[in-house]
Amino acid sequence: MITRRRLLATGTASVATATTAWPWREALAGNDHWIDLTAAPDKAPLLEDGGETSVWAYNGKTPGPTLRVRRGETIRVRLHNGLEQPTSIHWHGIRIDNAMDGVSGLTQDPAPPGGTFDYVFSAPDSGSFWYHPHHRSWEQMARGLYGLLIVEEDAPVMVEREIEFVADDWRLNDQGQIDEASFGSMMDWSHQGRLGNWLTVNGLTEPAIPVRSGERLRLRCVNVANARTLAFDFDRDQLSAWVVALDGQPIVPTELASDGLRLAPAQRADLIVDVLEPPGGSIPIYEVSTRERIQAAILMVSATAPLRQVPPPAPDPLPANPLPQKLSLHDAQVIPLLMEGGAMGGMREARYQGAMLDIGDLVATGKVWAFNGIVGRTADPLARIPLGRTVVIDMINDTAWPHAMHLHGHHFRVVERGGKTVTGTPWRDTELVERGKRVSIAFVADNPGKWLFHCHMLEHQAAGMIAWIEVA
């Protein structure tokens, strides 16, 4: 469970300012128009007592610098590896050129210690995306390597300001340092994954974010946790909120449900929020995924007179991205995907590196999850798909745990749940498949290359839940 009381009994909340548009050209890009990102060990003020935690960070920050680019514009990033192990960067949710996808061993060789790798790509979709390593991601992300990538709409969205809301749960020891001894724990790898005990938003404990009564905000929310599905409760008497995008893709603006916002690992949501609280008040935001209700952040309403007395009308939809208008399901290529393994699962054996192993031998190798009876990424793809073909992946979760399934290079829609057709679902790149459930997703394979498909509970991925498709 997330619980600060394991580490600190008292403390003063850290304070962070709200983030506005990041002037990335001036702040990050040099005269040659390259953005330099250095992954290296550093210190971060995660704790509420002012102490610092040893982390891995981009440019000395966790989250790393927010990168902003206009839709369709070329972005150039040079990764400098200051770590003692190889690394790479995956641009999560971007329908990117395959060579730039950042998957170590599939689309690129990782940058060695002291080495560099150049990423040059354009983003076809506006929205909220993020970046993180795809080499030993179960460790490197847990140490703090991640950041936001924002692709701006062609015309400004009608809000006063934007606020980033990057949520993580860290596993810290009694000294407030990352619990390194638990990395690679088979208990984590075979159960839900590496759950933390310390919650941060934007790298801080309970950040106080200044807002103004009557203003309209855009919250860009992302769950960067290794394994925990996070849920946030917003007080609907103090603010009104609409969900306007999921995983970077616009949806019809929908009032936030009474049960709040739930995000599986890697998922994002954009909210348009009107501050209703009078001047001088405060609006707590709680994390409520466990039995312990944790204050995640607090919106501090300035004493300044309200920007407006009456909230504006419900927000207009964000501009659509150039995704396929139709999914030809009648002639789709269907890929069955049976998820097996893990603690309390029924898997007795599976094929690993060409050999059939029983569960005891699999545990000894650190591999305990399988897709279609096969453990881990193989030399051959899960499927080969002609360019332009509609694809349905029919997922059956025959395990005791949920899995956040992420597809690279594409966005998909859920078309069936439990064998029943569903319509009107949003475009996503990560779908949470609950234990014992069956979910079918569909997409047009319109991006050529080798694309990873894996569980974003990162310990599940490391322990076998990873495959790839080839679009050609």
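Trainee: How many bridges hold β18 and β19 together, and in which sense do they pair?

Mentor: Six bridges, antiparallel, with β19 covering residues 294-301. Two strands pair if DSSP finds at least two bridges between them. E287 stands opposite I294 in β19.

Trainee: Which other strand pairs with β18?

Mentor: Strand β13 (residues 230-234) pairs with β18 (residues 282-287), antiparallel over three bridges. D233 has Y286 in β18 as its bridge partner.

Trainee: Before I go on, what sort of model is this?

Mentor: It's a predicted model, where local features need pLDDT of at least 70, side-chain atom pairs count only at pLDDT 80 or more, and totals for chains, interfaces and linings use all residues. Residues are numbered from 1 along each chain as its sequence is written, and side-chain values use heavy atoms, with hydrogens and water left out.

Trainee: And what is the mean pLDDT of the chain?

Mentor: The mean is 92, and 93% of the residues reach 70 or more. pLDDT is the predictor's confidence in each residue, from 0 to 100. Over residues 5-27 the pLDDT is below 50, and that stretch has 58 contacts in the model beyond near neighbours in sequence. Contact means heavy atoms within 4.5 Å.

Trainee: OK, sheets. What's the strand order in the open sheet that includes β14?

Mentor: That sheet has six strands in the order β10-β9-β12-β17-β14-β15, with mixed pairing. β10 (198-201) and β15 (249-255) are at the edges with a single partner strand each, so one side of each has no neighbour in the sheet. From one strand to the next the twist averages 25°, using axes fitted as lines to C-alpha atoms (for helices, over the stretch in contact) and angles from 0 to 180 degrees between N-to-C directions.

Trainee: How do β14 and β15 pair?

Mentor: Antiparallel, over four bridges, with β14 spanning residues 239-246. L246 stands opposite Q249 in β15.

Trainee: Switching to β26: how many of its residues are buried?

Mentor: Five of its five, across residues 403-407. Buried means under 20% relative accessible area, exposed over 50%, and partly exposed in between (1.4 Å probe, protein chains only). In a regular strand the side chains alternate between the two faces of the sheet. In β26, H403, M405 and L407 point one way and A404 and H406 the other.

Trainee: Which strands pair with β26?

Mentor: One is β29 (residues 430-433), antiparallel over four bridges, with A404 opposite L432. Another is β31 (residues 449-455), antiparallel over three bridges, with L407 opposite F453.

Trainee: Now aromatics. How many pairs are there?

Mentor: Eight, counting rings of Phe, Tyr and Trp (its six-membered ring) with centres within 6.5 Å; planes under 30 degrees apart are stacked, over 60 edge-to-face and the rest tilted. Y58 and Y131 make a tilted pair, 5.3 Å centre to centre with 55° between the planes. Y58 is in β2 (residues 53-58) and Y131 in β7 (residues 127-132), so the pair ties together parts 73 residues apart in sequence.

Trainee: Are those two buried or exposed?

Mentor: Both Y58 and Y131 are buried. W91 and Y119 form an edge-to-face pair, 5.6 Å centre to centre and 75° between the planes. Y58, W91, F117, Y119, F121 and Y131 form one aromatic cluster.

Trainee: Last one: where does T87 sit, and which side chain does it have a polar contact with?

Mentor: T87 is in the loop between β4 (74-81) and β5 (90-92), and is buried at 0% relative accessible area. Its side chain has a polar contact of 2.6 Å with that of Q140. That term means a pair of N or O atoms within 3.5 Å; within protein, one must be able to donate a hydrogen and the other to accept it, and residues adjacent in sequence count only if both atoms are side-chain atoms.

Key:
Helix = DSSP H or I, 4+ residues; strand = E, 2+ residues; numbered from the N terminus.
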